[in-house]
Amino acid sequence: WETNPLHGDIRDLTFAMEQDSDETPGLLNVAAKFEDLGWSPMGAIPGMSGLNGAVQATERGGWWTAGGEAVAFRDPELFAQPWPAGALESELRWERKGEDWQFTAPRIGIRHPDLKVQGSLAMVWRPGQRPLMDLQAAFQDGNAAVLDRYLPRRHLPPATASWLKASVRDGRIHDGQLVLRGDLGRFPFRD
């Protein structure tokens, strides 16, 4: 990961930008297709590899589709170990409406050795404020023996992480659901 911070093939790249006469940003249009795209973790941005897909963006919005059969995810700031590679299918759309940016991911699918997940995301973000989020995920066929790999060490008190590691040593997760809905400025939610 560290030796090659950005790698992969980018095809059919188009980039166009016009600046207004008063030097404010004007029209922007970017489009590309990519294969085996990846990057190393960079600060708050996790590393990924094995992505195939396309992107198109303007100053008003855009879309991104990405997936692959051997997609890897790594965030050493958040997780002690890299996640094993697995299949991913995703679609993300964003649009500017007034001051707000609206993001939707109508489908997110993950299938790897430890868990299968299907979900969706809707988020509204206004610059200078925390986003409003609606994340819904259904998961199944999980391997509880490797729970430690997925514990977010930055957001989990050490005593809780130790208790979970000692308490959950084996088992299967047949199915479950995650719903995260609300103003992320108020997270963790108390109600």
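Ring pairs join Phe 73, Phe 79, Trp 83 and Tyr 150 into a cluster. A pair here means that the ring centres of Phe, Tyr or Trp (its six-membered ring) lie within 6.5 Å, with planes under 30 degrees apart called stacked, over 60 edge-to-face and the rest tilted. The model is a predicted one, so to speak of local features takes a pLDDT of at least 70 and side-chain atom pairs count only at pLDDT 80 or more, while totals for chains, interfaces and linings use all residues. Residues are numbered from 1 along each chain as its sequence is written, and side-chain values use heavy atoms, with hydrogens and water left out.

Searching the whole structure turns up 5 aromatic pairs. One of them is edge-to-face, because the rings of Trp 83 and Tyr 150 have centres 5.0 Å apart and planes at 65 degrees. This pair ties together distant parts of the chain, 67 residues apart: Trp 83 is in the loop between strand S4 (61-74) and strand S5 (86-97), and Tyr 150 is in the loop between strand S8 (132-143) and helix H1 (158-167). Helices (H or I, at least four residues) and strands (E, at least two) are DSSP runs, numbered from the N terminus. Trp 83 itself has 26% relative accessibility, so it counts as partly exposed. On that scale, buried is under 20% relative accessible area, exposed is over 50% and partly exposed is in between (1.4 Å probe, protein chains only).

What about the overall layout? The chain has 1 helix and 9 strands, and from the N terminus on its elements run β-β-β-β-β-β-β-β-α-β. Its C-alpha atoms fill a box of roughly 65 × 40 × 30 Å along the principal axes. Of the 191 residues, 29% count as buried. Among contacts (heavy atoms within 4.5 Å) with a separation of 6 or more, 51% come from residues 24 or more positions apart. The chain exposes about 12500 Å², with carbon and sulfur atoms supplying 56% of it; these areas come from the Shrake-Rupley method with a 1.4 Å probe, and for residues only the protein chains shown count as cover. As for charge, there are 21 positive and 26 negative side chains, and the centres of the two sets lie 7 Å apart. Lys and Arg are the positive ones and Asp and Glu the negative ones, with His and the chain ends not counted, and each charge is placed at NZ of Lys, CZ of Arg, CG of Asp or CD of Glu.

The largest nonpolar core has 11 residues: Phe 34, Leu 37, Trp 39, Met 48, Leu 51, Ala 66, Val 71, Phe 73, Leu 78, Phe 79 and Leu 88. Such a core is a set of buried Ala, Val, Leu, Ile, Met, Phe, Trp, Tyr and Cys residues joined through side-chain atoms within 4.5 Å. Strand S2 (25-39), strand S3 (47-58) and S4 each supply at least two residues of this core. Another core, of 9 residues, lies apart from it and has Phe 103, Leu 121, Met 123 and Met 133 among its members. Within the largest core, Val 71 touches Met 48, Ser 49, Gly 50, Leu 51, Pro 84, Ala 85, Gly 86 and Leu 88, leaving out residues up to four places away in sequence.

Ser 90 sits in strand S5 and, at 13% relative accessibility, counts as buried; setting aside residues up to four places away in sequence, Ser 90 touches Trp 64, Thr 65, Ala 66 and Arg 107. Ala 16, in strand S1 (residues 6-19), is partly exposed at 43% relative accessibility. Beyond its neighbours within four places in sequence, Ala 16 is in contact with Leu 27, Leu 28 and Asn 29, whereas its C-alpha atom is separated by 51 Å from that of Leu 164, 148 residues apart along the chain. Pro 5, in the segment before S1, is partly exposed with a relative accessible area of 46%. The C-alpha atoms of Pro 5 and Trp 39 are separated by 5.0 Å, although the two are 34 residues apart along the chain.

Most residues other than glycine have a negative phi. Asp 12, in strand S1, has a positive phi of about 50 degrees, and Asp 141, in strand S8, has one of about 55 degrees.
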